[in-house]
Amino acid sequence: SVDTNTWIKMKLTNNLVYDNINKIPYYNPNYAWDYSPIGNEDCSSYSACEQELVEGCPWECRYGKKTQDYIIDGMGVYVTRNSDTYLYGQMELSDNVAYGNGINGVVFHRTDRGVVKRNTVYDNGVVPRLEYEEAVMEDWMVNLSKSRQSYSGIVLNSAEEVKLWSNNVSARYETDYAFNTVEDGGATPPPLLAGGNNRVCKGIVSPELASVVSEETDASVCGIVVSSSSPTASPTPQPTPQPTKQPVTLEPTDAPTVTPKYIEISCGNKCHLIQWPYKMGSSYVPSVAYEECEFDCDNGDCKAFSLQDDTRSNFSGYKRCFLYKASKEPSPEICANDPFSHPFCSYATSGGSFFVTPAAKEQYNVQNM
């Protein structure tokens, strides 16, 4: 039997999603001529649709048919259609970065009881809107007869009891929706269950979400690097500047500073650098965990190590050691610079701590979270 627990059971998190662009119209050979999965048109009432004509057949009725000459698909992070079968529990969509995708960056579609938080979405909507001139007209754009949707951010579509927290979004155009909520058939969308601390750097916010979204003038919050000439897209949001440490003057009686083998980094509840190649080490009782993990790092291919609560049932109360390989570079490359500032570079931990050699700290600009 299916359990009735209500906690978070599924997560889609820490993904970097870009360049997901449909450059040809969608086609489904199984669609009948009078069927359409979108819109409210009675396609059977149009003889032009049966004759497979473009003229006289509504665009909704041509979706998935050989007469479709437009593109409205190609999302970044997309969750869809579990509301019928996923009856208990919640789903979390968090800490994803989506840019340069065809339509929206993040879509939560027909999925109830979702937690959508800490996603960074910018520079999506690559598929043209015909009223705007493209700087570079690629061959696949030339024969499109219809604009994409005027969305290029986060969309909640027919999703109930959703929580929307701490997302940062910049739409492609000022007339694109950065935050939108819609319902199939044009009905009134369901209200949010909770939300707040969301920021929009560019674009429209639907009225239903206006109370949980504030306008942000600093484009770097939403992943855009602003130069003196023009803004350009960056693969990740710019890191929050760390507080400047004041120099300390040693008194004559002070002992000389000894450089430690490892420096502890404040990492909150995300202390595992999942994009740094690593080896899962042994587990130790907390009283000796640091010493044992440090010894393992000293005697292996290691530039840093972390400790976290071991969640395995037979290791309850132990700390597990993770060793980050000195011979391997972080991938993607953006995780090689201030990794804890990028949400998808680190992973959630319980009781976590992180330690790095001074050389690796400097090389990878490892800063406190």
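## Ground rules and overall make-up

Because this is a predicted model, local features need pLDDT of at least 70 and side-chain atom pairs count only at pLDDT 80 or more, while totals for chains, interfaces and linings use all residues. Residues are numbered from 1 along each chain as its sequence is written, and side-chain values use heavy atoms, with hydrogens and water left out.

The protein chain has three helices and 23 strands; helices (H or I, at least four residues) and strands (E, at least two) are DSSP runs, numbered from the N terminus. Its C-alpha trace spans about 90 × 60 × 40 Å along the principal axes. Of the 369 residues, 44% count as buried, where buried means under 20% relative accessible area, exposed over 50% and partly exposed in between (1.4 Å probe, protein chains only). A contact means heavy atoms within 4.5 Å. Among contacts with a separation of 6 or more, 72% come from residues 24 or more positions apart.

## How confident is the model?

pLDDT is the predictor's confidence in each residue, on a scale from 0 to 100. Its mean over the protein chain is 88, and 90% of the residues reach 70 or more. Among the elements, strand 15 (residues 204–205) has the highest mean pLDDT (98), and strand 18 (residues 231–233) has the lowest (48).

Two stretches deserve a mention here. Residues 227–234 have pLDDT below 50, and this stretch has 13 contacts in the model beyond near neighbours in sequence. Over residues 236–257 the pLDDT also stays under 50, with 20 contacts beyond four places in sequence.

Two strands pair if DSSP finds at least two bridges between them. Six strands make up an open sheet with parallel pairing, in the order 2-5-8-11-14-16. Strand 2 (16–18) and strand 16 (213–215) are the edge strands, each pairing on one side only. From one strand to the next, the twist averages 15 degrees; axes are lines fitted to C-alpha atoms (for helices over the stretch in contact), with angles running from 0 to 180 degrees between N-to-C directions. Inside this order, strand 8 (residues 120–122) and strand 11 (residues 168–170) run parallel and are joined by three bridges, with T120 opposite N168.

Parallel pairing also links strand 4 to strand 7 (residues 114–117), here through four bridges. L93 has V116 in strand 7 as its bridge partner. Strand 7 in turn pairs with strand 10 (residues 163–165) in the parallel sense over three bridges, and V115 stands opposite K163 in strand 10.

## Two nonpolar cores

A nonpolar core is a set of buried Ala, Val, Leu, Ile, Met, Phe, Trp, Tyr and Cys residues joined through side-chain atoms within 4.5 Å. The largest one has 23 residues, and L93, F108, V116 and F179 have the most contacts inside it. At least two of its residues come from each of strand 3 (77–80), strand 4 (90–94), strand 6 (106–109), strand 9 (151–157) and strand 12 (177–182).

F108 touches several residues, not counting those up to four places away in sequence, including V79, M91, L93, V116, V155 and V162. A second, separate core of 15 residues includes C267, A304, Y324 and Y364.

## Aromatic pairs

The structure holds 20 aromatic pairs. Rings of Phe, Tyr and Trp (its six-membered ring) pair if their centres lie within 6.5 Å; planes under 30 degrees apart count as stacked, over 60 as edge-to-face and the rest as tilted. One of these pairs is Y262 with F305, edge-to-face at 5.1 Å centre to centre and 75 degrees between the planes. Y262 lies in the loop between strand 18 and strand 19 (263–265) and F305 in strand 21 (residues 304–309), so the pair ties together parts 43 residues apart in sequence. Y262 is buried at 9% relative accessible area, and F305 is buried at 0%.

F315 and Y318 form another edge-to-face pair, at 5.7 Å centre to centre and 85 degrees between the planes. F315 is partly exposed at 25%, as is Y318 at 31%. An aromatic cluster is formed by W276, Y278, F322, Y324, F340, F354 and Y364.
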